[in-house]
Amino acid sequence: MAELARTLRLYWRLQRATMRGALQYRLNALIGIATGAVYQGSGFAFVWVVMHTFPSMAGWTLREIAFLYGLRLTAHALCMLPLSSLIFMEWLVREGELDRVLLRPLNPLLQIMTKRMGVGQVGDLLTGLVLLLVAAPAWSAPMAALCLLAVIGGALVESSVHLSLASLSMRMLDTAALRGFLDDVFSKFGSYPMSVFGGVTQWLLTFVLPVAFVAYVPASVLLGKAASLNVPAFVAYGSPLLGLALFTLAYRFWCHQLRHYQSVGS
C-alpha cells in the first residue's frame, strides 16, 4: 500500500511537470482542447439529427442516448489523459528509447505515461461531462456514486485494451492497424445501445471485446434498463469491478512482456 501511494505521488509530480510544459504554449493548448471538443460534439450532433428523425432508438430516447454518449466519452477521456503516450510505444521500442526507460530506477509505465499530456483529451472530457450533467436524471447519493464508479470502471476497461496493445508492441513492431481498428470499434459501437446491433455482433462486443462494459451496461443499470441486458444482474451492477480486473490482467501482461523484452541492439 505504501508503494502504491509513493507511485501515485510520483505520477502526480511528473504529470504536473508535463502539464506545465504543455501549457507553456497556451494558444496551442487551447486549440487542442477546442479541437477535441468540436470533434466529439460533431459526433453527438449526428446522433441528435438522427434522433430528431426517429423518436427512439431500440427503446432509448435522445436524453438516454446523450447520457450513454457522455458516459462513454468521459470514460474514454479519463483513459487517454494518462495513457496517450502509449501510442508512441512502437517508436520507443524501434529507436531503443525503451532501453533508456528501463535503466532508470522508476516504474517504466509511470515514466512513459508522463512523457506527454493528451491536450485534445481535455476537450473530450469537457464534452463528456457536459452531456452527463445535462442528460443525467435526478439520483440518490448511492446512484450518483455508482455513476462515478461506472466512469472509472469504463476507463479501466478501455485502458486495459490500450495497455495490452502497448505490451504487444514489444514483440509486434507494428500494431498501428490493430490500434486504429480497436479505436474505431470503441468509438463507433460504444456510443449506441448494443441492442441495435445483431445478436452475434452484440455478443462479440460484450464477451469478446468488452465494449459494452465501458458505457452501455452501466448506463442501462443507471437508467433502469438492466432487465434488457444479456448479462446477469449481478454482472451488470458489478461492471466497474470488471474494469479493475481487466486492467490488473493487462498490467500483468505488460510486466510479463517487459521481463522478456529484448533490446533492438542499435
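# Reading helices, cavities and a pocket

Me: Is V49 buried or exposed, or partly exposed?

Reply: V49 is partly exposed, because its relative accessible area is 47%. Buried means under 20% relative accessible area, exposed means over 50%, and partly exposed is in between (1.4 Å probe, protein chains only). Before we go on: this is a predicted model, where local features need pLDDT of at least 70, side-chain atom pairs count only at pLDDT 80 or more, and totals for chains, interfaces and linings use all residues. Residues are numbered from 1 along each chain as its sequence is written, and side-chain values use heavy atoms, with hydrogens and water left out.

Me: Where does V49 sit?

Reply: V49 is in helix α2. Helices (H or I, at least four residues) and strands (E, at least two) are DSSP runs, numbered from the N terminus. From V49 to I65 is 16 residues in sequence and 12 Å in space, C-alpha to C-alpha.

Me: Which residues of α2 are buried?

Reply: Those are A29, G36, Q40, F44, V47 and M51.

Me: How do I check the span of helix α2?

Reply: The expected span is 1.5 Å times one less than the number of residues. Helix α2 (residues 26–53) has 28 residues and should span 40 Å, and its end C-alpha atoms are 41 Å apart, so the two agree.

Me: How many helices and strands are there in the protein?

Reply: You'll find 13 helices and zero strands.

Me: And what about the overall shape?

Reply: A compact globule with 266 residues would come out near 18 Å, and the protein has 19 Å, which agrees. Along the principal axes, the C-alpha atoms fill a box of roughly 60 × 40 × 40 Å. Buried residues make up 45% of the 266 residues. Now take contacts (heavy atoms within 4.5 Å): of those with a separation of 6 or more, 76% are between residues 24 or more positions apart.

Me: How do I look for empty space?

Reply: Rolling a probe the size of a water molecule over the atoms shows where empty space is left. On a 1 Å grid over the protein atoms alone, a cavity is a set of points where a 1.4 Å probe fits but cannot get out, while a pocket is an open set with protein on both sides within 12 Å along at least five of seven lines; lining residues have an atom within 4 Å of a point. Grid points are joined across faces, edges and corners, and a volume is the space filled by probe spheres set on the points. Here the search finds two cavities of 30 Å³ or more.

Me: What lines the largest cavity?

Reply: M80, L83, L86, I87, H162 and R179 line this cavity, which holds about 40 Å³ of space.

Me: And the second largest cavity?

Reply: The second largest cavity has about 40 Å³ of space. Its lining is L146, A150, P218, V221, L222, A236, S239 and P240. Helix α11 gives the largest share, three residues.

Me: How much space lies in the second largest pocket?

Reply: About 600 Å³. Of its 24 lining residues, Y39, Q40, H76, D183 and S187 are the closest to the centre. Helix α9 supplies the largest share of the lining, six residues.

Key
Rg over C-alpha atoms; globule rule 2.2 N^0.38 Å.
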